[in-house]
Amino acid sequence: MMVADRRADKAVFSVDSRGEWARITVTGELDLITAPLFKDHLAQAITGRVPPRVLVDVSKMRFCDSSALNEFLRAHKRISSLRGRLVLLGPTERFTRILRTMGLDRVFEISEGPAATIA
């Protein structure tokens, strides 16, 4: 089942399941306004999965501010504490530079390829 949600026409989130993985697709802008909704979708993806395995497809994300990065970090910490995996899928060159600049490319698992390559 796929669920789509929209907030302030800035971001669209969809959530679906792919086997053991929950997949959240982010389209648009993650910022102070949309970060709380992103947090809700992350919580939904984690709930009931032991250990949680979450793919966040960021290939269509146009913008990400510090409040959204904090949500990524909180989710990573929570999922790691449950011995799960959080994988960022298809980050744009711009987002990859932000992650690299902040040293977060060493924190997050990042995949350039399709979700099927995640084992």
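Where is the place of Pro 51? I looked there and found Pro 51 in the loop between H1 and E4. The model I am working from is predicted.

Val 50 lies in the loop between helix H1, residues 35-46, and strand E4, residues 53-64. I looked at the peptide bond from Val 50 to Pro 51 and noted that it is cis, with omega near -10°.

Is Val 50 buried or exposed? I read a relative accessible area of 81% for Val 50. The cut-off for exposed is over 50%, so Val 50 counts as exposed.

I also looked up the distance from Val 50 to Glu 20. These two residues are 30 apart in sequence, and their C-alpha atoms are 9.3 Å apart in space.

Next I went to Arg 83. I found Arg 83 in the loop between H2 and strand E5, which spans residues 85-89. Arg 83 is not a glycine, yet I noted a positive phi of about 60° for it.

**Entry: H1 against H2**

How do the axes of H1 and H2 cross? I took H2 as residues 66-81 and found that the two axes come within 9 Å, crossing at roughly 15°. The crossing in which H1 passes H2 is right-handed.

I listed the residues that make the contact. On H1 they are Ala 35, Phe 38, Lys 39, Leu 42, Ala 43 and Ile 46. On H2 they are Ser 67, Ala 68, Glu 71, Phe 72, Ala 75, Arg 78 and Ile 79. I sorted the residues of this contact by type and got nine nonpolar, one polar and three charged.

**Entry: the whole chain**

Last, I looked up the overall values. I counted three helices and six strands in the protein. Read along the sequence, their order is β-β-β-α-β-α-β-α-β.

How much of the protein counts as buried? I found 47% of the 119 residues in that class. The protein exposes about 6,500 Å², and I noted that carbon and sulfur atoms supply 52% of this area.

I also checked contacts between residues at least 6 apart in sequence. Of these, 61% join residues at least 24 apart.

Note on methods: Residues are numbered from 1 along each chain as its sequence is written. This is a predicted model: local features need pLDDT of at least 70, side-chain atom pairs count only at pLDDT 80 or more; totals for chains, interfaces and linings use all residues. Side-chain values use heavy atoms; hydrogens and water are left out. Helices (H or I, at least four residues) and strands (E, at least two) are DSSP runs, numbered from the N terminus. Buried means under 20% relative accessible area, exposed over 50%, partly exposed in between (1.4 Å probe, protein chains only). Axes are lines fitted to C-alpha atoms, for helices over the stretch in contact, and angles run from 0 to 180 degrees between N-to-C directions. A crossing is left-handed if the near helix is turned anticlockwise from the far one by less than a right angle, and right-handed if clockwise. Contact means heavy atoms within 4.5 Å. Ala, Val, Leu, Ile, Met, Phe, Trp, Tyr, Cys and Pro count as nonpolar, Asp, Glu, Lys and Arg as charged, and the others, Gly among them, as polar. Accessible areas come from the Shrake-Rupley method with a 1.4 Å probe; for residues, only the protein chains shown count as cover.
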